[in-house]
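Below are my comments on the structure, as numbered points. Please read them with the coordinates open.

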Amino acid sequence: MGKLLTQEEIDALLNQDKNTDPTNIFIEKEKEARPYDFRHPDRVSKEQLKILRNIHDNFARIISTYLSNQLRTMIDVKAPTIEQVTYFEFTLSAASFTYMYVFNIENLDGSAILETDPKLTFFIIDRLFGGTGTTINKVESAPTIIERSVMNNIAEGILERLKEAWSNFEPLDPTIVNFETNPQLVTVAPASETMIVLNFPVTARNFEFSIVLCFPYFMLEPVLKKMNSQDYMTLMRKLPSDEDTQSLYRTIVQTDVILSVELGRINIDVDDFLDLQQNEMLILDSKITNPLIARIQRHKKFFVSPGKKGKKRVVRIDNIIDEEGDII
């Protein structure tokens, strides 16, 4: 015996347009089709991408501190964008003149690339040689022996921080094996091979640069297969080891801060300032009996008293203060 229609089904049939096939009301709505490019398959799953992003977010913070310490200025390295492109597309998108370091990773097949923006390279070299970092429009030419030696040390330092960022998940030991300024001379994978490209935006002194990491998929495939969100979160919740503590301690003790002591203030016209002569005196707004304010990186931190130790001028910390000037 056929299935009896319910009242709702009868009402639905009566409400259909006359030209509509009533049998279609029982057919499930087709799922929306999504385009898929077989030439550019996404071989890294969303879960794996999420873990990769977490690892390299940490890497961005680590190299931001490392570069700031090395260059004695604030360097901001932002979280990366991650793309999956063919090696042919990667080489086409690279600048005709760039700084590419090819490196191997122990126990993994193949080679990967660390690329630094040439302008970032000139900024780093200028800062390390005592400049202000404003000379970034240098003529594109092969680096000198000294410049290459300096940048090799920086590149090795960046890869050492990459090892540190991965340490909680997988021990990686990267080693630089080659250097090139022409991307067309670098071949680490077949043209059609999928590459995992991480682009880190870098900001320094109002300049914008970039650092790029490029891994062939087949190189990271053994590691990617191990990636599981629960395992990764378990690793991240582990208590820091003695090695982690020592690493953090080394980072802190190598960080330079500026300590300045404010003797007082005075408002003076530009004309009077230009007319100042030797041995003229300026009267400040504070008394000699008042405590002085010591600042760390321009932030008020201490009340101090001036004095001498041998031939050196010193200050004695009397009180610790908060940013509002109140004694803690």
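1. Helix H9 gives the most to the nonpolar patch, with three residues. Helices here are DSSP runs of H or I of at least four residues, strands are runs of E of at least two, and both are numbered from the N terminus. The nonpolar patch lies on the surface and is formed by Val-261, Leu-263, Ile-266, Ile-268, Val-270, Phe-273, Leu-274, Leu-276, Leu-282, Leu-284 and Val-315, with about 940 Å² of accessible area together. Patch members have over 30% relative accessible area and no salt bridge; nonpolar side chains (Val, Leu, Ile, Met, Phe, Trp, Tyr) are joined within 5 Å, like charges within 9 Å. Accessible areas come from the Shrake-Rupley method with a 1.4 Å probe, and for residues only the protein chains shown count as cover.

2. This is a predicted model, in which local features need pLDDT of at least 70 and side-chain atom pairs count only at pLDDT 80 or more, while totals for chains, interfaces and linings use all residues. Residues are numbered from 1 along each chain as its sequence is written, and side-chain values use heavy atoms, with hydrogens and water left out.

3. One member of the nonpolar patch, Leu-284, sits in the loop between H9 and S9. Leu-284 is partly exposed, at 35% relative accessible area; the classes are buried (under 20%), exposed (over 50%) and partly exposed (in between), with a 1.4 Å probe and protein chains only.

4. A negative surface patch is made up of Asp-269, Asp-271, Asp-272, Asp-275 and Glu-280. Asp and Glu count as negative and Lys and Arg as positive, with His and the chain ends not counted; the place of a charge is NZ of Lys, CZ of Arg, CG of Asp or CD of Glu. Asp-275 is in the loop between helix H9 (270-274) and strand S9 (292-296), and is exposed, with a relative accessible area of 51%.

5. How many salt bridges does the structure hold? There are eight salt bridges, each being a side-chain nitrogen of Lys or Arg within 4 Å of a carboxyl oxygen of Asp or Glu. Asp-173 pairs with Lys-163, with the closest N and O atoms 4.0 Å apart. This pair links distant parts of the chain, Asp-173 being in the loop between helix H5 (145-166) and strand S5 (174-180) and Lys-163 in helix H5, 10 residues apart. Asp-173 is partly exposed at 32% relative accessibility, and Lys-163 is partly exposed at 33%.

6. Glu-221 forms a salt bridge with Lys-225, the closest N and O atoms being 3.9 Å apart. Glu-221 is partly exposed at 25%, whereas Lys-225 is exposed at 65%.

7. Asp-318 and Arg-316 meet through their side chains in a salt bridge of 2.9 Å, N to O. Asp-318 is partly exposed at 32%, and Arg-316 is exposed at 54%. Salt bridges with shared partners also join Glu-262, Arg-265 and Arg-295 into one network.

8. Asn-69 lies in helix H2 (residues 46-71) and is buried, with a relative accessible area of 12%. Leaving out residues up to four places away in sequence, Asn-69 touches Thr-251, Gln-254 and Thr-255, where contact means heavy atoms within 4.5 Å.

9. For the overall picture, the protein has nine helices and 11 strands. Buried residues make up 34% of its 328 residues. The protein exposes about 22500 Å², of which carbon and sulfur atoms supply 52%. Among contacts between residues at least 6 apart in sequence, 63% join residues at least 24 apart.
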